Amino acid sequence: MNKSADAALLIDTREQLLRIALNEFAQHGIEGVTLSKIRQISGQGNRSAVHYHFKTKDRLVEEVVDFVTSQLDVHCKQAHTEFARNAPEHREWTRLCELIFDPFVQLFSSGETGAVCIQFLSRLTWQTGEQGQRFLTRYFNPYMDVFAPTLRQFFPQYSEAQLRFKVHLAVNTAIHGLADFSMVMHDERLLPLVNQSGGLKEMRRLFHEYISAGLRGNTRS
């Protein structure tokens, strides 16, 4: 086997291990998955395969986080670009809120990998303690900071800290709501909505309506 083929094989093995780790972490949490388990699922005969590619479990987790971030970042950058257009519709609260939170929906809707990424983020917020929460804060604060001045214009009654707190709650609600979306498919009374023409589009609208109403809260004095 030549050097190019060897390099390609190493990349393929590394990618396979990374994706298996993402799936397992999303289903069982980081603490619930061992490097040995990841190797067994991969079918790798070499017992040190995961250690060879990632050295430690912490490093593997970091690379999974980087992968998930890269998947979400595509949609977040699109939202920033769209917001920079200063379009008139984004001066209306519901439309602005949809723009801000739609990257999560787009990632979830992009396919199996996107849905697993959302599930991983959901696990990260409540099962990994400070490690996961620090990551989410470090990633989402810069994303939300772009929208912060406009949000403060919509809600002058809130201090910056109060508004940031509400944004954190809204982000968590969006992530957990999408991660648990399969529950919807098991409620037979929701099937008329799911199966109707344009049903998924309507569910998307209702999702954004729910998030925007929670973030807006009671605006009456």
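Predicted model: local features only at pLDDT ≥ 70, side-chain atom pairs only at ≥ 80, totals over all residues.
H90 sits in the loop that joins α4 (57–84) to α5 (93–109). With a relative accessible area of 9%, H90 is buried, since the cut-off for burial is under 20%. Leaving aside residues up to four places away in sequence, H90 is in contact with E82, F83, R95, L96, L99 and F154.

Helix α12 runs over residues 199–216, which makes 18 residues. From first C-alpha to last, α12 reaches 25 Å, close to the 26 Å expected at 1.5 Å a residue. Its buried residues are G199, M203, F207, H208, I211, S212 and L215. Residues three or four places apart in an α-helix point the same way, because there are 3.6 residues a turn. The cover over the buried residues of α12 includes α5, α9 (160–179), α10 (182–185) and α11 (191–195). Just after α12, G217 has a positive phi of about 70°.

Ten aromatic pairs are found in the whole structure. One of them joins F104 and F140, with ring centres 5.5 Å apart and planes at 50°, so this pair is tilted. The pair links distant parts of the chain, as F104 lies in α5 and F140 in α7 (residues 129–145), 36 residues apart. F104 is buried, and F140 is buried too. Elsewhere, W93, F154, F155 and Y158 make up one aromatic cluster.

The relative accessible areas given for single residues are listed here.

| Residue | Relative accessible area |
|---|---|
| H90 | 9% |
| F104 | 1% |
| F140 | 6% |

Note on methods. Residues numbered from 1 in each chain as written. Heavy atoms only, no water. Helix = DSSP H or I, 4+ residues; strand = E, 2+ residues; numbered from the N terminus. Buried < 20%, exposed > 50% of the residue type's maximum accessible area, 1.4 Å probe, protein only. Contact = heavy atoms within 4.5 Å. Expected span 1.5 Å × (residues − 1). Phe/Tyr/Trp six-rings, centres within 6.5 Å; stacked < 30°, edge-to-face > 60°.
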